[in-house]
Amino acid sequence: MATTSSPKPSVGGSGMNSILKKTLVALTGLALIGFLVTHLAGNLFLFGGSTAFDGYAARLEAMGPLLIVAEIGLAAIFVAHVVMAIKLTVENKAARGPQGYAVNDNQSEAPSRFMIVSGVLVALFVILHVKGFKFGPREEFGGSLYALVMNEFANPGVAIFYIFSMLILGTHLTHGFWSLFQTLGLIKPEKRRKVKQICTVLGWGIALGFLVLPLFGLLSGKKRTPLPDGVKELIQKTEAVR
Amino acid sequence: MNFTLNVWRQKNGQSSGQFVTYQAKDISPDASFLEMLDVVNNEMEAKGEEPIAFDHDCREGICGTCGIAINGRPHGPRNAVTTCQLYMRNFRDGDTLTLEPWRAQAFPVVRDLVVDRSAFDKIIQAGGFISINTGNAPDANGLPVPKDDAERAMDAAACIGCGACVAACKNASAMLFVSAKVSHLALLPQGQPESRKRVKSMVQTMDEAGFGNCTNTGACEAECPKSISLDNIARLNREFLLSKLFG
Ligand code: SF4
Ligand code: FES
């Protein structure tokens, strides 16, 4: 019953079997969704003004090396997700063969067909976002991340770019969220439709949750609040510990 | 009814093909799609031309031999039917129909609309059967099977191996087919003794044949003439990962 032929390389010659490759995309995807949830929860401090938001940022940064380890881990997961997804896409294009269809009326849902497009757009967004905020010119705003973020969002171009990116994230999650449970075999097959519905709602909940932040910033207008005293003390204390 | 046909013509696997336009005239609305092609072919043969090659056998939707991508949809515009069970009344008089073979690296074109689907046979040979000795016919209720499981196993067993799932999938993935074959055995007690070995072996053979990686788009389920559910793919993934984790 078992094949006696020596295992040939699988699709694309990676030697890794198709389901395991997808499992990697699914697991890293799940981890990234976990990050999105905590990131969103933290970002909601933006509504609390400078005291709440800068205080939250300072407490995070006070974690020091622990935070750096977490950030490196997150970056590694992100890269693994992207690299494996690109690899799968290349293999899948090749699996169609040299001659494609002249007429193709694919019946699948659009978000599932454009995962690589939405994925690349989200990845570009992440790069610009990290560059603009994490490595942004915070000193210009008296060290207040809140002021930096709010001023960026007050710029309509930036706000619209953020809002657009979150809509793309929503479509990515529309397919990615439920699909990961399907790939991991975590759901009872009979519960698939239910899981898909719940994941679609949660996925859009996350995307729209992020979306209100730039909208809030855009509507609030420019703000140049100096760092509140309490937060200043917290930052100084952290620096003293280091 | 009259139709304009854009048909993919290709001499063999080595040559490159192209579309050729034909007219199908005076077709009965009650003709099946394949009967319509028969009419066109008869006319061509009378004129000494090479008829259009297409696969068919039972012509009653049970063997899985027929299969043409019609206007970009495997087995045509109707859901849950094979090409042989598609009738010309499902089209409008004067329609232009584009006929293409299944397009997949693992299904090379043999001629015109005929493709080589022996990759599916290799997958079945890798484990799509039971080799345990089941002895004499047991008592009717000697081996209890829950009703739900029996139903699901039967639904999965309805797969006729036509390959429309591969043809429809943007990744040319064979997961719906393999999942149906793994599921109908995995759901029944007779399939249990070899279940771990079976799923690993079939997935490996599937990958080696050059099918793409499933990304759960669901195009297969939409085109499958037997309405095989994506649920089976969830079950296949579960069976496979369990077999990897626990031998
Ligand atoms: S799963 Fe459906 S589409 Fe695929 S081979 Fe079986 S019957 Fe054909
Ligand atoms: S010819 Fe047998 S299913 Fe169509």
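B:E221 is partly exposed, at a relative accessible area of 23%, in a model that is predicted. Here buried stands for under 20% relative accessible area, exposed for over 50%, and partly exposed for values in between, with a 1.4 Å probe and protein chains only. The side chain of B:E221 meets that of A:R192 in a salt bridge, at 3.2 Å from N to O. This pair crosses between chains, from helix α7 (residues 219-223) of chain B to helix α8 (residues 192-220) of chain A. A:R192, by contrast, is buried, with a relative accessible area of 3%. A salt bridge is defined as a side-chain nitrogen of Lys or Arg within 4 Å of a carboxyl oxygen of Asp or Glu, and helices (H or I, at least four residues) and strands (E, at least two) are DSSP runs numbered from the N terminus. A:R192 and B:E221 also belong to a network of salt bridges that links them with A:R193 and B:D231.

Over all chains, the structure holds 18 salt bridges. Within chain A, the side chains of A:K134 and A:E71 meet in one of them, at 2.9 Å from N to O. A:K134 sits in helix α5 (residues 115-134) and A:E71 in helix α3 (residues 65-95), so this pair ties together parts of chain A that are 63 residues apart in sequence. Both ends are partly exposed: A:K134 has a relative accessible area of 43%, and A:E71 has 30%.

Distant parts of the chain are linked here, 59 residues apart: B:R89 lies in the loop between β4 (73-74) and β5 (96-100), and B:D30 in the loop between β2 (18-24) and α1 (33-46). B:R89 is partly exposed at 48%, whereas B:D30 counts as exposed at 52% relative accessibility.

Turning to the strands, chain B contains an open sheet of five, in the order β2-β1-β5-β3-β4 and with mixed pairing. Strands β2 and β4 of chain B form the edges, each pairing on one side only; two strands pair if DSSP finds at least two bridges between them. Strand β1 (residues 3-9) of chain B runs antiparallel to β2(B), with seven bridges in their pairing. B:R9 has B:Q18 in β2(B) as its bridge partner.

Residues are numbered from 1 along each chain as its sequence is written, and chains are lettered from A and ligands numbered from 1 in the order in which they are written. In this predicted model, local features need pLDDT of at least 70 and side-chain atom pairs count only at pLDDT 80 or more, while totals for chains, interfaces and linings use all residues; side-chain values use heavy atoms, with hydrogens and water left out.
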